[in-house]
Amino acid sequence: MTAILKNFIGGEWVDGSGVTRNINPSNTNDLVGEYAKADKAQTEKAIAAAKAAFPGWAQSTPQVRYDALNKISTEILARKEELGRLLAREEGKTLPEGIGEVARAGQIFAFFAGEALRLIGEKGASVRPGLDVEITREPVGVVGMITPWNFPIAIPAWKIAPALCYGNTVVFKPAELVPGSGHALAEIITRSGIPAGVFNLVVGSGSVVGQTLLEHPDVAAISFTGSVQTGRKIAQACVLSNPMKKFQLEMGGKNPLVVLDDADLKTAVEVAVNGAYFSTGQRCTASSRLIVTEGIHDRFVAAVAERLNSLSVDDALKAGVHIGPVVDQSQLDQDLRYIKIGQDEGAKLAFGGELLKRENPGHYLQPALFTEASNNMRIAREEIFGPVAAVIRAKNYEEALAFSNDTEFGLASGICTTSLKYASHYKRNSESGMVMVNLPTAGVDYHVPFGGRKGSSYGPREQGSYAREFYTTVKTAYTYPG
């Protein structure tokens, strides 16, 4: 019988009030594990533990924080193959993608270990004679973290690492659909030497655990990654709470990849297929709108279809697999609904979109490519979050840029071209937070800012040194020496 893995509250592993079952989407007969669910009272206990631990951790030395974060990083990297296998098994990423995500989590903790030693302030002269002015940064307090299922260790890492680095305490709610990677990360954090209460893990539903974090007056800030609809509710709750909470939202994307006539065809195809379909298209940065100018359109579509036909869709743990399963039945149903919507709207399903059977029962979907789509169709405006992309024909660069920006989202964008003129113009004029030239829209470094504009993001950027804008508050102090 599988042991039920517990929550971590106030330095102790504790039972829950229910159980979350973690099912392998590559083989739905495979139970990855069972995890204790926290209720409202346990979430409140975790918040109280984090509040009690905050004063001591906030005043801990940079060396103490460096040592803890560096230890976490070292263990993650040493166990990346093991943890990558767990991630692939519970979420459906291919094994190389899972190992790569775990490595990124380790690198993030290493980066913020260094940041703990680099946090500096400013000292200057006042406009008034005889006064000194100091500008310093201090931690904000207890931070509630609500993370999604599609990056179950990297996204928690890029929230938890800076929070601890800058002296905050944490109550972490991983996605209930894939708790295994978050639980494994929590175990590693508990061995880092941080004091009891500094870090707390509470697995459970958004309606219980998430809502408690939003309503509790001792939670100073909320960092959320997930859907636009939920993000808006979180923003409203944080503004209406007393006291108001600081909040940071990373939400959806409908990311464009522009392919110009002068693009290298092979490069453009690899960029498009990687960005749109790898990780089963379940990335907020996926390039689900392929905006292609007329001169290369037909050759590009034919080459993409040929490339998709060569890809292996199968069990995420098998060698040589390019695309794993959709994460669960609910997400698969949503993908299939959008494929039908696209057909009903008049787009041509040029490739794929069929359910696939494999050795074991799983949520397998052939990658879908639509052509003859227009930018006002639902499949071109709403985030599908699956292996589905739509090709939109554009007359020229100017029209392609206009289509690219005609969206409520603004997370990532890309262009494939050999023209320095167009590449430079697109980087300046694309209305997104991250722009790629001859690279997939999905795929970013861990030491630079991550985030978007418009409906994709709200609040300070995540990752890199810019993370301090959310996890710290600025204090200005004046001194009159007398």
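**Exercise 1. Glu431 and its partner**

Task: Decide whether Glu431 is buried, partly exposed or exposed in this predicted model, and find which residue forms a salt bridge with Glu431.

Solution: 
- Step 1. Start with the accessibility. Glu431 has a relative accessible area of 34%, so Glu431 is partly exposed.
- Step 2. Look for the partner. Lys454 forms a salt bridge with Glu431, and the closest N and O atoms are 3.1 Å apart.
- Step 3. Check the partner's surroundings. Lys454 is partly exposed too, with a relative accessible area of 37%.

**Exercise 2. A buried pair and its network**

Task: Are Arg79 and Glu75 buried or exposed, and which residues make up their salt-bridge network?

Solution: 
- Step 1. Look at the pair. Arg79 and Glu75 form a salt bridge, with 2.8 Å between the closest N and O atoms.
- Step 2. Judge the cover. Arg79 is buried, and Glu75 is buried as well.
- Step 3. Widen the view. Salt bridges link Glu75, Arg79, Glu82 and Arg191 in a network.
- Step 4. The structure holds 24 salt bridges.

**Exercise 3. Strand S14 and its neighbours**

Task: Work out how many residues of S14 are buried, which way its side chains point, and which strands are joined to S14 by bridges.

Solution: 
- Step 1. Count the buried residues. Five of the five residues in S14 are buried, and the strand is mostly covered.
- Step 2. Sort the side chains by direction. Arg289, Ile291 and Thr293 point one way, while Leu290 and Val292 point the other way. This is a pattern to remember: in a regular strand the side chains alternate between the two faces of the sheet.
- Step 3. Find one neighbour. Strand S13 (residues 256-259) runs parallel to S14, joined by four bridges. Within this pairing, Val259 has Val292 of S14 as its bridge partner.
- Step 4. Follow the connection. From S13 the chain crosses through helix H9 (residues 265-277) to S14, in a right-handed β-α-β crossover.
- Step 5. Find another neighbour. Five bridges join S14 to strand S17 (residues 388-394), and these two strands also run parallel.
- Step 6. Zoom in on Thr293. Its bridge partner in S17 is Ala394. Thr293 counts as buried because its relative accessibility is 2%. Beyond residues up to four places away in sequence, Thr293 touches Val259, Leu260, Asp261, Ala394, Asn396, Tyr397 and Ala400.

**Exercise 4. An open sheet**

Task: In what order do the three strands of the open sheet with S1, S5 and S4 stand, and why is one side of S1 and of S4 left without a neighbour?

Solution: 
- Step 1. Read the order. The strands are arranged S1-S5-S4, with mixed pairing.
- Step 2. Find the edges. Strand S1 (4-5) and strand S4 (18-23) each have a single partner strand, so one side of each lacks a neighbour in the sheet.
- Step 3. Inspect one pairing. S1 and strand S5 (residues 31-37) run parallel and are joined by two bridges. Here Ile4 stands opposite Glu34 in S5.

**Exercise 5. A buried glycine**

Task: Where does Gly451 lie, and which residues are in contact with Gly451?

Solution: 
- Step 1. Locate the residue. Gly451 is in the loop between S20 and S21.
- Step 2. Classify Gly451. Its relative accessibility is 0%, so Gly451 counts as buried.
- Step 3. List the contacts. Apart from neighbours within four places in sequence, Gly451 is in contact with Glu250, Leu411, Gly433, Met434, Ser457 and Arg461.

Definitions and conventions
Residues are numbered from 1 along each chain as its sequence is written. This is a predicted model: local features need pLDDT of at least 70, side-chain atom pairs count only at pLDDT 80 or more; totals for chains, interfaces and linings use all residues. Side-chain values use heavy atoms; hydrogens and water are left out. Buried means under 20% relative accessible area, exposed over 50%, partly exposed in between (1.4 Å probe, protein chains only). Contact means heavy atoms within 4.5 Å. A salt bridge is a side-chain nitrogen of Lys or Arg within 4 Å of a carboxyl oxygen of Asp or Glu. Two strands pair if DSSP finds at least two bridges between them. A crossover is right-handed if, with the strands pointing away from the viewer, the path from the first strand over the helix to the second runs clockwise.
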